[in-house]
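Hi everyone, thanks for coming along. I'd like to walk you through one structure today, so please take a look at the screen.

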2 protein chains.
Amino acid sequence: MPRTFGSISAVPPGAIFNSRRELADAGVHRPLQAGISGSGAEGADSIVVSGGYEDDADYGDVVVYTGHGGNDPGSGKQVADQILERGNLALARSSDQGLPVRVVRGAGGDPAFSPASGYRYDGLFFVAEYWQDIGKSGYRVWRFRLVQDQPSANETPAGGPAPGGDPGVKYSTVQRVVRNTAVTQWVKELHDFVCQVCGERLQTDSGGYAEGAHIRPRGRPHNGPDVIKNVLCLCPNDHVRLDRGAIVISDALEVVDRRTGTVETGLRLARGHRPDLQFLAYQRSLWK
Amino acid sequence: MPRTFGSISAVPPGAIFNSRRELADAGVHRPLQAGISGSGAEGADSIVVSGGYEDDADYGDVVVYTGHGGNDPGSGKQVADQILERGNLALARSSDQGLPVRVVRGAGGDPAFSPASGYRYDGLFFVAEYWQDIGKSGYRVWRFRLVQDQPSANETPAGGPAPGGDPGVKYSTVQRVVRNTAVTQWVKELHDFVCQVCGERLQTDSGGYAEGAHIRPRGRPHNGPDVIKNVLCLCPNDHVRLDRGAIVISDALEVVDRRTGTVETGLRLARGHRPDLQFLAYQRSLWK
């Protein structure tokens, strides 16, 4: 049976299930044991948040979810490093691809957001971000920040003829949001919209186009500050590469391809703007 | 006096003003006549939507706003082509940069969303998109799709030390949203996340990263369909360039730098996926 991404037509958010068996039979979350449903090749279609991991954090519309592997099922404590494989790789792929993830909360989770008993389907989330972390027990864990998806105000219903290739259940989810602030704007203007990594300047009818990238990411749980020393002026491609850990920046301000360790180039600098080494170290710590 | 982007601290959304003079004195919209406040170099900080242009359309959380120039002030009818200059260029710049625009509605606008009398400040919008169009009177107009801004669920307050360079009033607005659908996902997988324009494939820990670009844009007023023949697999840089009209695609499926007319490359194709020529023509019509 093909994996179904997106909503299950008969199941509205808020639906309650008494057991993992009922969840599976409804097609909301098929595995009876695993918290993550998915494969590294396809992505993750659903997760169950039930407090099994000591490092999970639930904020309601944002869930910081810990990958699987390396934990003791009895205590929930980590006893070994986690690897980016199986369900973890599936969630990473969902993030890179912008795939929707059905989120189910179980009674064992944070009492503020979890059902009193059984399991509740809480709708579609997107995986805004993923990174490595050292868990409370000192072992490496993979973490995923899932954000509740909301249809955008400028979205129309899909409409039009059915496409070839049958992509199965329809969905529309956020793959990436680029925000701009007074601080990122200042940095972009200082660099005249030239990418500090590759030197490219995208040209539009209004001038240059660039994006302000926060080195230590904003938002829970990183809470990187929106300050000039935490922002780079990047082209969209290098912004994605920084956010996804494809590149890191050394204390010598060299841009390094993280997979190969090769120095690609030196970071382009402008007078009055140098990144703070503590933020560079934080970004490297997410991916080393 | 420097131009202020973002909220005016003393003025909440919903505030009513009796006259353009009061609006100007409050710093919400400084010009007494012009509908657009801004400059091509800095961007637009505010607009007044008051039904002066026959081509405006108000949907509440989305405003399709017509640029200035070429209209007869008495009738509101276009009598000449509009040019991307002054306020029009300012709004284009706000779009490319992700700057926030204060939106004021006047009593002359769409009765469903406008105040009964005077002017109402309706909060911050971002310029999701801009393009050329032929107006109702047969002349060229510039159009801007403004979308009401909402703080993202994963946003934390700015915090941290005040940056150098004093960017003035703080704001955080959406510069760009990339959405993914079952249809765009199908196209991305078919191309194995290789950009159909430049051939680049961004590599992350989970595999390739690419974006599905709708050739005829989605959303009002374009209402391009979410179908395979309207989608290209692009790297983020070329996605921005397509959306901003920096590149167009000929019926011979050549990628053309619109400003110079130079053919950059042929569009990379995959078996079972060819863009529909009507959608290519539509995208070209937005920028010719």
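Let's begin with B:V256, which stands opposite B:V263 in β16(B). This is a predicted model, where local features need pLDDT of at least 70, side-chain atom pairs count only at pLDDT 80 or more, and totals for chains, interfaces and linings use all residues. Residues are numbered from 1 along each chain as its sequence is written, chains are lettered from A and ligands numbered from 1 in the order in which they are written, and side-chain values use heavy atoms, with hydrogens and water left out.

Strand β15 (residues 254-257) of chain B is joined to β16(B) by three bridges, and the two run antiparallel. Strands here are DSSP runs of E, at least two residues, and helices are runs of H or I, at least four residues, numbered from the N terminus. Two strands pair if DSSP finds at least two bridges between them. As a reminder, strands of a sheet pair through backbone hydrogen bonds, either parallel or antiparallel.

Which order do the strands of this open sheet have? In chain B it goes β14-β15-β16, three strands with antiparallel pairing. At the edges are β14 (247-249) and β16 (263-266) of chain B, each pairing on one side only. From one strand to the next, the twist averages 25 degrees. Packed on the sheet is helix α4 (residues 236-243) of chain B, which touches β14, β15 and β16 of chain B. The direction of α4 makes about 80 degrees with that of β14(B). For such angles, axes are lines fitted to C-alpha atoms, for helices over the stretch in contact, and angles run from 0 to 180 degrees between N-to-C directions.

Now for where the two chains meet. How many residues of chain A are in contact with chain B? There are 79, and they touch 79 residues of chain B, with contact meaning heavy atoms within 4.5 Å.

Finally, between chain A and chain B the count is eight salt bridges. A salt bridge is a side-chain nitrogen of Lys or Arg within 4 Å of a carboxyl oxygen of Asp or Glu. One salt bridge brings together the side chains of A:R176 and B:E211, at 3.4 Å, N to O.
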